[in-house]
Amino acid sequence: MSNKKPKLRVVGSNKKHTGTKKKGASPVLPNGLTEKQETFCMSVFSGMSFSDAYRLAYDASNMSAACIHTEACLLVQNHKVSQRLEVLNADRVKQQRMLSLSRSDFVLKQLTDEATNQDNSDGARVRALELLGKSVALFTDKVETEDKTERDPDAIKAELEARLNRLLG
């Protein structure tokens with residue numbers, strides 16, 4: 001046996017490289033994702049499962065369910081895809097927070113209008129003021145409780161009977 005390596009040479013066409021992308025390559029969006037990855041992210045964001053989003057974004061017609069699940073999980077682990085999903089979720093949380101604040105502002109404004117409207121009855125104005133006061137914790141009730149867990153059942157029974165006797169005469 002000889003240790004002589006075979007001579008290899010690259011066989012190819014004489015065409016010069018034009019700089020165009022390969023046939024299967026997808027264009028990259030400004031956020032660094034391909035169109036298919038963005039479709040996957042938006043589908044997951046809209047509530048689809050990873051597998052269903054993968055089926056929608058990619059050609060999975062010849063793939064088994066297990067293979068689709070595996071590929072979808074791998075796609076979610078892609079740094080750019082996971083980062084995009086985090087950005088979408090952060091935007092959703094921010095939007096929900098803003099909506100909640102605007103609703104609160106609306107309710108407080110309406111209560112203020114009701115409280116200051118001279119055409120409303122006194123009861124309606126007082127109720128509006130009460131609700132405004134509750135919104136700023138003006139009327140918080142403070143309940144103090146005493147911990148008497150060291151008592152045995154007989155002592156509790158005796159105390160209840162004594163209280164009942166005092167109330168009933």
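**Close-up views of a predicted model**

**View 1. Ser43 and its contacts.** Ser43 touches Met48, Ala53 and Leu56, leaving aside residues up to four places away in sequence (contact: heavy atoms within 4.5 Å). Ser43 belongs to helix H1, residues 35-45 (helices are DSSP runs, H or I, of at least four residues, numbered from the N terminus). Ser43 is buried at 6% relative accessible area (buried: under 20%; exposed: over 50%; partly exposed: in between; 1.4 Å probe, protein chains only). The model is predicted: local features need pLDDT of at least 70, side-chain atom pairs count only at pLDDT 80 or more, and totals for chains, interfaces and linings use all residues. Residues are numbered from 1 along each chain as its sequence is written, and side-chain values use heavy atoms, without hydrogens and water.

**View 2. The salt bridge between Arg84 and Glu38.** The two side chains meet at 2.8 Å, N to O (salt bridge: a side-chain nitrogen of Lys or Arg within 4 Å of a carboxyl oxygen of Asp or Glu). Arg84 in helix H4 (residues 79-116) and Glu38 in helix H1 are 46 residues apart, so the pair links distant parts of the chain. Glu38 is buried, at 13%.

**View 3. The salt bridge between Asp113 and Lys109.** Their side chains meet at 3.2 Å, N to O. The two residues are four apart in helix H4, so about one helical turn separates them. Asp113 is partly exposed at 35%; Lys109 is partly exposed at 49%.

View 4. Salt bridges link Arg127, Glu130 and Lys134 in a network. Glu130 and Lys134 meet at 3.7 Å, N to O. Both lie in helix H5, four residues apart.
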